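Please examine the sequence and the three-dimensional model shown here.

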Amino acid sequence: RQLSTALEHCRKAVKENATLAPAWHLLGVIQAASGEHGQAVASFKTALRCGGHKNPDLLVFLAASSLDLDQLAEADDYVQRALKLQPQHVFALNNLGNLRVRQGRPAEAISAYEHTLALSPQHGNALKALTQLLLQAERREEAQALAQRALALFPDELALWQLLALARGGD
């Protein structure tokens, strides 16, 4: 209900002023949250054309939605642009890790997740993704320590318990 109300307000705002970048940005966020990634990408691109091209958060959202649509080259471009504007952007770095995993570049993904965690030690997605990559790289001790660290923060996360079991040598 709240998303649909917010969606109505954003659509009204962009109808009244089609060059309002923040409204297009918010419209894209709502569309992405609703699983409408194609529409979200279109809204984010409109926000870019309306002056949002120097907004790293907008570029990060655009990268994430492009990744959800399996548009890897576009996602790479947007995440690189976000990092150029703000090199320590935690969500851009995490998206870079997600992208590198999808591109089959695990060493670069590990580096991106490690950078994310250096800036934001409690970043749940980075903790889980890095643990998975360390397991795949047969770095069990590191994976086990990271899974334990993650479980201290997110004790109800079943996937983390499964990763810990794998790191300890379980199948």
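The structure is a predicted model. Its secondary structure consists of ten helices and zero strands, so that the order along the sequence reads α-α-α-α-α-α-α-α-α-α. Taken along the principal axes, the box filled by the C-alpha atoms is roughly 60 × 35 × 25 Å.

Two packed helices are described by the angle between their axes and the distance between the axes.

In the pair of α2 (residues 21-33) and α3 (residues 37-49), the axes come within 8 Å and cross at roughly 165°. Because angles over 145 degrees count as roughly antiparallel, α2 is roughly antiparallel to α3. The crossing of α2 past α3 is left-handed. On the α2 side the contact is formed by Ala21, Trp24, His25, Leu27, Gly28, Val29, Gln31 and Ala32, which meet His37, Gln39, Ala40, Ser43, Phe44, Thr46 and Ala47 of α3. By class, the residues of this contact comprise eight nonpolar, seven polar and no charged.

Helix α4 (residues 56-68) packs against α5 (residues 72-85) at an angle of about 160°, and the two axes are 8 Å apart. This angle makes α4 roughly antiparallel to α5, and α4 passes α5 in a left-handed crossing. Here α4 contributes Pro56, Leu59, Val60, Leu62, Ala63, Ser66 and Leu67, while the partners in α5 are Leu72, Glu74, Ala75, Tyr78, Val79, Arg81, Ala82 and Leu85. The contact of α4 with α5 contains twelve nonpolar residues, one polar residue and two charged residues.

From α9, the residues in contact are Arg140, Ala143, Gln144, Ala147, Gln148, Ala150 and Leu151; from α10, they are Leu160, Trp161, Leu164, Leu166 and Ala167. Nine of the residues in the contact of α9 with α10 are nonpolar, two are polar and one is charged.

Most residues other than glycine have a negative phi, and most peptide bonds are trans. Asp70, in the loop between α4 and α5, has a positive phi near 65° without being a glycine. Glu138, in the loop between α8 and α9, is likewise not a glycine and has a positive phi of about 60°.

The last topic is empty space. Rolling a probe the size of a water molecule over the atoms shows where empty space is left. The largest pocket holds about 190 Å³. It is lined by 13 residues, of which Val101, Tyr113, Ala129, Gln132 and Leu133 are the closest to its centre. Which helices each supply at least two residues of the lining of the largest pocket? They are α6 (90-102), α7 (106-119) and α8 (124-136). The largest share, six residues, comes from α8. In composition, the lining of the largest pocket divides into five nonpolar, five polar and three charged residues.

Terms used: Residues are numbered from 1 along each chain as its sequence is written. This is a predicted model: local features need pLDDT of at least 70, side-chain atom pairs count only at pLDDT 80 or more; totals for chains, interfaces and linings use all residues. Side-chain values use heavy atoms; hydrogens and water are left out. Contact means heavy atoms within 4.5 Å. Helices (H or I, at least four residues) and strands (E, at least two) are DSSP runs, numbered from the N terminus. Ala, Val, Leu, Ile, Met, Phe, Trp, Tyr, Cys and Pro count as nonpolar, Asp, Glu, Lys and Arg as charged, and the others, Gly among them, as polar. On a 1 Å grid over the protein atoms alone, a cavity is a set of points where a 1.4 Å probe fits but cannot get out, and a pocket is an open set with protein on both sides within 12 Å along at least five of seven lines; lining residues have an atom within 4 Å of a point. Grid points are joined across faces, edges and corners, and a volume is the space filled by probe spheres set on the points. Axes are lines fitted to C-alpha atoms, for helices over the stretch in contact, and angles run from 0 to 180 degrees between N-to-C directions. Angles under 35 degrees count as roughly parallel, over 145 as roughly antiparallel, 65 to 115 as roughly perpendicular and the rest as oblique. A crossing is left-handed if the near helix is turned anticlockwise from the far one by less than a right angle, and right-handed if clockwise.
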